[in-house]
Amino acid sequence: MTSTDPTPDTPLAPDPGYVAAAATAWVAVTFCLSMVGLLAVNAVQARSHKPLAPAQIELLRAQLGTDPRNDALRAQIRDLDAELRTGYFAARNRAIQGTYLLAAGILVFLIATHVTAKFRARLPLPSPEAAGRSWIDAALGLRSMGALGLVMAGLLLGMVILARHDSSAEYIRAARQAPGSAPPGVGVPDAPPGSAGVKGLAPPPAPAPKSGGPVRQPGRGAPVPPAAAKSSGKPPAPKPEPTSSSSGTSTAVATDKPLEGWIAFRGPVEGVGDAAGFLTEWDQSGPHPDASGDPRLLWQTKVPLPGHNSPIVFGGKIFLSGADQTHRAVFCFDAVTGKLLWQKPCEVLPGGGTEPPKVMKDTGYAPSTMATDGERVFAIFPNGDVFAYDLQGERKWGVALGMPENAYGHASSLACYRDRVLIQYDQGHSADDGKSALIALGAATGKELWRTRRPVPNSWSSPIVITADGHAQVVTTGDPFVISYDPQTGKELWRTKCLMADIGPSPCYAAGVVYAAANLAGLYAIRATAASDKQAGEVLWEGKEGLPDTCSPATNGKLVFVVSTYGSVVCYSAADGKKLWEEEMKAQFQSSPVIVGNRVYLADTQGVTRIFEAADQYKPVGSGRLGEPVRATPAFVDGRIYVRGDSNLYCLGAEKAAG
Amino acid sequence: MRSSLLGVLVAIAFASSCRAAEQFPPPEFSQGYHYPGISTPAPRALWATYVDLAVLAATLGLTAYVALRRRRRRELVVVVVFSLLYFGFYRHGCICSVGAIQNVALAAFDRTYALPVAAAAFFLIPLLAALLFGRVFCAAACPLGAAQEVVLLRPLKVPAWLDRALSTLPYVYLGAAVLFAGTGAAFVICDYDPFVLFFRLSGSRGMLLFGVGILLLATVVGRPYCRYLCPYGVLLRWLAPFARWQVRITPADCVNCHLCASACPYGAIRAPTPEPGAIGRTVGRGRLATLMLLLPVLIVVGGWMMSLGRPILARVHPKVRLANRLWLEEQGRVQGKTPMTEAFERQGRPSTDAYREAAAVHARFGIGSWAFGGWLGLVVGLRMIGQAIRRHRRDYDADPAACVACARCYASCPVEHAGPQALAGPPM
C-alpha cells in the first residue's frame, strides 16, 4: 500500500494551530487511555458483585436448608444479597458514566486529529506513469478474481464435506416415518407385554362396544367409538348425537343444588360449614408407640401411579388420577376402607399426540383434579384427553381436545355444572395466538356443547362455578383477565383486567365477591353480581402482600387467606382488604388452604398440615404430620380428611367417625 | 498518533463491553413488595416514521446539491456529521437502507410478511436518488458510511488487483442476505452490522471486536465496509452509472495530471488507458470468449455445490438448529440440554414437530441454495469478464459505480482552481 499524502521533503515550521491541535489530540488520547484503565478496573470490581453467581449466598442457603429456623442466617443472606445488588448497580452506573466520558474523549481526539491533518495536508503529486499501469492492473485483477473463485470453490467444498456429516437427514427421515407409524400409546401398569408403543407398552385393547364409550378427534367432530377410531385411524362419519336434554341426565345434576361430597378441586365453592369432627392433630411421620401407627390414621393406601391432583369424594368413593410418562389411569378407592375398588387405564386417544406431553416436574403427568356430576367422574390429562367413567368404572366416553401448547403442561382442573363438564383449556404463548378456550362437554356424551374463545395465553388455574344473585357463573382467571361466563351458553358475562404473567392460583368466592390472585399482580376482590348489574366485575379492593404463584386463595366471606409458595400466609379482611395478620410458616407450599368451619387447613410440601383459626389474629390450633410430601389439596368429608401424598392416600379421622 | 488511535479504539471495545446489559433473577422479596408491571415500548409513531423519511429525502437532496453543484467538501462533512448523529446515534442505526434489503427479500418470498412502509421507502428512496445523482446516499446520508468517513485519518491506496477481488465480496453478502432473509432464517445484515453496537452502546463481544476491527481498518483504508462488504452498495453500483447527473472531476477539460486519482481514497477514479495493440486485441478476444463459455459452467457448478452444502446453510435457521440439537440429545450424542431445547420441551410438543418444521426449512433452502450458488458463479464469471474487457479512456474520470461523491477530488483538480472561466459549463 502507498500513502496518498506524500511526506514533504522539508519539515514544516511549527504552526501554533498545529501544535495546539496535536497537543489536544495527545491530551485526549491520554484521557481516553485513562478511562480505559478505570473502566477495566471497574469491570474487574463488578465481577465480585455479580448477582448471577452468588456462590456465597448459595452456600448460606444450603446451610439454611439444614437449619430453616435460623433467622440470623436468613438475615445474613438478605444483607449479602442486597450488598451484591447494590455493588452491581454502582459498578454499572460507573461504567455508563465512564463510557460517555470516553466517547467525549474520542470525539475530541478525532476533531484534533483531523485539524492536525489539515495543517499537514499537501496536494497529491502527479504520477504520469499511473496511466500506463491500467493494463497491468486489469491483468492482475483477472488473476485475483480467479484466485477468489478458487477460494470460494474451496469453501464450498468444505461445506459439502461438512454437510455429509450433518444429522439433519436422519431426523427428517424419522419425521417422515412418524405419521405412518402407530401412535406410541401410553400404556397402563398391567398392559400386556410385548405390544408396541412407548417402552414396549401399547394402548390397551379397544374397549368392547358394551363398555367402550365414544372417542372424539380434536376439534368439534362428533365422538366415535374407540374401536372404530383405532382400527381405521380416522373418525367415522358423525352420527346423530343425543342432546343434553335427552341424554338421561339425572335430576340431581339438572339443578343447581350442590352435591354432597367433595366433588371437584378444593371441594364446595362455599366451603365446609362445620369444623366439628375433623382432627386437628395427627402424626404418622415416625415410629409410633402403637405398632399399627397413629390410630387417627384410619387407613393408608398406596396409589399405583403418581400425580399431583387432589382426591375428590362422592358416594363413599374417592376418585383420583395418576400417570407417569408411559402409564396413566383413573383410580377409585373405598372411602371407608381405602381399598382400591377399580382402576381404569386411560390410553392415548386418537388425536392425543404421538409423544407423551412435555411437562415440568412440578406439574407431572396427572396434575388436573377430577370432577363428578354425581353419576360420572371426569378426568383430563396434560395431552388434552378427557375421559368419563361412571361410578362403577365403566368408560362412558373419551374426547381428545388435542395437545395443548402449554409451557409447563396443562394443569387446570375440571368443574361440573348441571349436565356438562367445564374445561378451561388455555394455551399458546400469547393471547394473540387465539388458542385458549372455555369448553363445555356434555357430561353424558362428551359432545361439545359450546366453546368460547378466551383472550388469554396458557394458564394453570381452574374454573369455579358460583351462584350469584341466583344465576350461575363460571369464573376463570388468566393473563390478564378474570372472566365470568354463563355456564349454560358460554356467553361472557363480565371481565376484569387485573392479572398478569403466569396465572396458577384459582379464584375463590363468597358472598357475591370473587377473589383472584397472582404473584406478579396482586389479590383482587371483584364484585361478582349478575351480568345485568353494571358494577359486575368492579374491583372492590386489592392486596399486595403474600401473593401466591401456585396456591389458590381461600375465603369464608369474612376473611381471605393467601399463601405464597415460600411460606408466607397473609390474612385479609374480606370487607375492605385490610391486612389483618401475616405469618411466616417457614415451609414451602403447593397445596391450597381449605377453610373448614372456623379453621384453616394448610399442608406443606414436607407433609405437615398446619391448622389455625380462621380469625382476625393468627392462632395455631394444631398440626398433622405425614411421612411423605404433600402437594395435593386434602378433601374434607364426614369428619374424615383425605390426604394424597406423593405415593400414598391417607384417611384421617376420629375413631367414632370411622363407621 | 496511530498508536494513540489504536488505544482509543481499544477503549471503545472496553467501554461497550462494560455497558453490555445483563439480566439476573429479581430479589426474592419476602413480603411487602409489589413487582412493577411488565411494560413494552410502544411502536414508533407513524408521524415519526414520516419524519425519518423526510429527513432522508432532504439529506439526499442536500448531499446532491453540495456534492454536484456546490462541490464543497467542507459542507459535505457537515451533512456527514448530521447523518451520523441522526440516523446513527439518534435512530440507533435502524431502520437503514442497507438492512431494508432483508425486509424486501422476506416480503418477496413470504406472502405472510407485510413489508413495512418505512422499510420499503428506505430501500427505494436511495435507489431513486442513485438514478438521479449517483451514490449520494453513500456520500453523506448513510450512517455506516459516515462512521467510516469521520475516522479516516491516513488513507492508503489498496492495490487495484486486491481491490477488485475484495469488491466481489458484497455480491456474496447480498446473495447470502437475500437467501437467509427470504427463507426466514436470519437478518444477517443486522446481526452482523459492525456499527450498530456503537450507535446503541450495546452488543455482543464478537460484534464489538468486528466493529472495532472495521473502524481500525477504516482509519487507513477508505470505507472498508462500504467497498468490501455492503450489500446495498451492490444495488447502488448497478444504478449509479445510469444517473442523470454524475460526479465530474473537472469542470472543464482534463489535463491528465493524475492528482485526482491520488486524492481519491476509494480507488474510484479510472485512469486513461492506451489503445491495445493488434496482438493484445487478439489475446483479449480469446480470453473473453473463454470466460463467456466458462460462465454457464460456473453458474451450474456453483449452484450444484451449494445445494450439496445446503444442510450447513440451513443451520442458520433457528428451527434447524433446534431440531439438530434435539436429535443429538435424543440420540445421546451430546450431553445436557440447551436453553433452546429446554424451552421447546416446556411447550409440551413432540420432537417430531421440530423435525417436521426443520424439514420444511430444508426444503426452502433446497431452491435457495441452488440460486445462491448459481449467483456466486455468475458474479465471479461476470467480474472476470469485466476484467477481460478493455475499454479505451482518454481522461481521468470517476467510476460512477464506485464513486461515493465524497468531493475530495475537486480540491485536487488544477482546473477547478483555474478560475471562473474554467467553470463556465455547469457540472449538472
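Predicted model: local features only at pLDDT ≥ 70, side-chain atom pairs only at ≥ 80, totals over all residues.
How many bridges join β27(A) to β28(A), and which way do the two strands run? Five bridges join them, and the strands are antiparallel.

Chain A has an average pLDDT of 81, and 81% of its residues score at least 70. Two stretches need care. In residues 1-9 of chain A the pLDDT is below 50, and the model gives this stretch 18 contacts beyond near neighbours in sequence. Residues 179-255 of chain A also have a pLDDT below 50, with 152 contacts beyond near neighbours in sequence. Please keep those numbers in mind when you look at either stretch.

Next, the two chains. Chain A has 659 residues, of which 46% are buried. Its secondary structure consists of seven helices and 35 strands. Chain B has 428 residues, and 47% of them are buried. Its secondary structure is 21 helices and three strands. For contacts between residues at least 6 apart in sequence, 57% of those in chain A join residues at least 24 apart. For chain B the corresponding figure is 83%.

Now the sheet that I opened with. In chain A, four strands make an open sheet, ordered β25-β26-β27-β28, with antiparallel pairing. The edges are β25, residues 554-555, and β28, residues 579-584, each of which pairs on one side only.

As background, most residues other than glycine have a negative phi, and most peptide bonds are trans. A:Asp469 is not a glycine, yet its phi is positive, near 55°. A:Asp469 sits in the loop between β17 (464-468) and β18 of chain A. A:Asp469 counts as partly exposed because it has 13 C-beta neighbours inside 10 Å. B:Ala407 also has a positive phi, about 70°, without being a glycine. Its loop runs between β3 (397-398) and α21 (408-412) of chain B. B:Ala407 is buried, because 22 other C-beta atoms lie within 10 Å.

There are cis peptide bonds to mention as well. One joins A:Asp479 and A:Pro480, with omega about 5°. A:Pro480 is in the loop between β18 (471-477) and β19 (481-485) of chain A. Another runs from B:Cys94 to B:Ile95, with omega near 5°. B:Ile95 is in the loop between α3 (73-90) and α4 of chain B.

Is α2(A) largely in the open or largely covered? None of its twelve residues is buried, so the helix lies largely in the open. Its length agrees with expectation: at 1.5 Å a residue, residues 55-66 should span 16 Å, and the end C-alpha atoms are 17 Å apart.

On to the cores. The largest nonpolar core has 133 residues, and A:Ile312, A:Phe378 and A:Leu422 are among those with the most contacts inside it. Strand β22 of chain A, residues 513-518, gives the largest share of this core, six residues. Leaving out residues up to four places away in sequence, A:Ile312 touches residues including A:Trp262, A:Phe319, A:Met370 and A:Ala635. Apart from this core there is another, of 132 residues, among them B:Phe199 and B:Leu229.

Last, the interface. In the model, 90 residues of chain A are in contact with 81 residues of chain B. On the chain A side, β1 (2-3), α1 (16-47), α3 (71-119), α4 (134-164) and α5 (168-177) each supply at least two residues. α4(A) gives the most, 20 residues. By class, that side of chain A has 56 nonpolar, 22 polar and twelve charged residues.

Technical notes: Residues numbered from 1 in each chain as written. Chains lettered and ligands numbered in written order. Buried ≥ 20, exposed ≤ 12 C-beta atoms within 10 Å, placed from the backbone. Contact = placed C-beta atoms within 7 Å. Nonpolar A, V, L, I, M, F, W, Y, C, P; charged D, E, K, R; others polar. Pairing = 2+ DSSP bridges. Expected span 1.5 Å × (residues − 1). pLDDT = per-residue confidence, 0-100. Core = buried A, V, L, I, M, F, W, Y, C linked by C-beta atoms within 7 Å.
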